[in-house]
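Welcome! Here is a short briefing to read alongside the sequence and the 3D view.

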Amino acid sequence: MAQLTSSPTRPPGRAMLKPGVFSWLLQRVTAVFIAVLLFVHVWEIHFISEKKVTFDLVAERLNNPGWIAVELLLLAVLLYHGLNGVRSIILDFGISHTAERFLYWGFILAGFSVWVLGAFFLAPFVFSK
Amino acid sequence: MSQVSLNEKYTDLWPTNYKVGMWVWLLHRVTGLYIIVYGIIHLWEISIGLMGVKGEAFDWFFSVVGLNPFIQFLDILTMFALLFHGMNGLRVILFDFGIGIRRQKTVFLAVMAVGFAVWVATIIETLPFITGRPLF
């Protein structure tokens with residue numbers, strides 16, 4: 001770990017290679033994605049379409065590959081952002097190194113599982129026609 | 001060295017000494033956790049599409065439970081959580097880029113004002129469903 005910490009003799013750019021930087025940076029990148037995609041998602045469903053939610057309305061919208069892509073991408077970035085956020089809250093309480101590693105891989109596994117589950121939940125709408 | 005009580009030692013971390021930024025930091029985390037709970041419920045709602053004869057359970061759920069005034073109230077709460085978390089997150093990102101730090105109070109009030117305006121619009125949209133009659 002010692003060689004990864006910044007020192008006055010190294011150019012400051014090397015300090016960017018600390019492990020937490022990707023977690024920090026991706027949290028910001030996913031935040032911007034969510035801001036855009038969630039606005040589209042909420043606007044389309046609750047303000048533009050009819051003021052009720054029915055199976056056929058959802059199925060009609062998900063007949064379009066673009067909308068399927070929006071929903072699946074939104075779920076993926078939300079899962080990353082949410083799980084990474086919970087991870088930072090837990091890390092702020094201070095847990096052991098072993099627990100940190102379990103948390104890291106556990107959340108990666110949980111994220112992928114819920115994404116597959118979410119895609120499975122969309123199936124009846126996508127394949128209804 | 002004299003005895004120092006926990007209250008005196010960690011004086012900035014004591015809730016009665018929190019300034020605005022500390023409450024906002026806390027509310028950012030609380031709204032984040034609330035949004036995760038909402039997300040789990042939302043995924044479960046969508047899974048109803050898998051149940052029974054094509055779309056029947058889904059349509060029943062959204063015509064009965066979805067129009068329940070309490071659920072509509074929770075929708076307004078969810079919009080608050082999303083807008084607060086999103087607008088405060090925008091402020092955090094701006095400060096990461098070094099934008100607006102010298103005018104941090106103005107930036108805070110500006111993002112909160114935008115979020116509040118959108119939230120009021122959401123409430124105006126949602127209220128007719130809660131009261132069962134047009135707002136105006």
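In this predicted model, the charged end of R61(A) sits over the ring of W67(A), 5.1 Å from the ring centre. The term applies when NZ of Lys or CZ of Arg is within 6 Å of the ring centre and within 35 degrees of the ring normal.

Before that, some housekeeping. Residues are numbered from 1 along each chain as its sequence is written, chains are lettered from A and ligands numbered from 1 in the order in which they are written, and side-chain values use heavy atoms, with hydrogens and water left out. Since the model is predicted, local features need pLDDT of at least 70 and side-chain atom pairs count only at pLDDT 80 or more, while totals for chains, interfaces and linings use all residues.

**Around R61(A)**

- R61(A) belongs to helix α2 of chain A and E71(A) to helix α3 of chain A, so the pair ties together parts that are 10 residues apart in sequence. Helices (H or I, at least four residues) and strands (E, at least two) are DSSP runs, numbered from the N terminus.
- R61(A) counts as buried because its relative accessibility is 13%, and E71(A) is buried too, at 10%. Buried means under 20% relative accessible area, exposed over 50%, and partly exposed in between (1.4 Å probe, protein chains only).

**Chain A as a whole**

- Chain A has 4 helices and 0 strands, and along the sequence the pattern reads α-α-α-α.
- Of the 129 residues in chain A, 28% are buried.
- Among contacts in chain A between residues at least 6 apart in sequence, 67% join residues at least 24 apart; contact means heavy atoms within 4.5 Å.

**Where the two chains meet**

- Chain A brings 26 residues to the contact and chain B brings 22 residues.
- About 2100 Å² is buried between chain A and chain B, and carbon and sulfur atoms give 76% of that area. Buried area is the accessible area (1.4 Å probe) that two parts lose on being put together, summed over both.
- Over all chains the structure holds 3 salt bridges, and 2 salt bridges are counted between chain A and chain B.
- Across this interface there are 4 residue pairs in polar contact (both at pLDDT 80 or more). A polar contact is a pair of N or O atoms within 3.5 Å; within protein, one must be able to donate a hydrogen and the other to accept it, and residues adjacent in sequence count only if both atoms are side-chain atoms.
- On the side of chain A that touches chain B, α1 (20-48), α2 (55-61), α3 (65-92) and α4 each supply at least two residues.

**Salt bridges between the chains**

- R28(A) pairs with D96(B) in a salt bridge, the closest N and O atoms being 2.7 Å apart.
- With R28(A) in helix α1 of chain A and D96(B) in helix α4 (residues 69-96) of chain B, the pair joins two chains.
- Both partners are partly exposed: R28(A) has a relative accessible area of 21%, and D96(B) has 36%.
- D92(A) and R29(B) meet through their side chains in another salt bridge (2.9 Å, N to O).
- This pair also crosses between chains, from helix α3 of chain A to helix α2 of chain B. D92(A) counts as exposed, at 53% relative accessibility.

**Aromatic rings**

- Over all chains there are 13 aromatic pairs. Rings of Phe, Tyr and Trp (its six-membered ring) pair if their centres lie within 6.5 Å; planes under 30 degrees apart count as stacked, over 60 as edge-to-face and the rest as tilted.
- The rings of F125(A) and F58(B) are edge-to-face, because their centres are 5.0 Å apart and their planes lie at 70°.
- That pair runs from helix α4 (residues 97-126) of chain A to helix α3 (residues 56-64) of chain B, and both F125(A) and F58(B) are buried.
- Ring pairs link F55(A), F125(A), W44(B), F58(B), F61(B) and F62(B) into a cluster.

**Two places in chain B**

- H28(B) is found in helix α2 (residues 20-47) of chain B, and a polar contact of 3.0 Å joins the side chains of H28(B) and N88(B).
- S63(B) lies in helix α3 of chain B and is partly exposed, at 44% relative accessibility.

Note on methods: A salt bridge is a side-chain nitrogen of Lys or Arg within 4 Å of a carboxyl oxygen of Asp or Glu.
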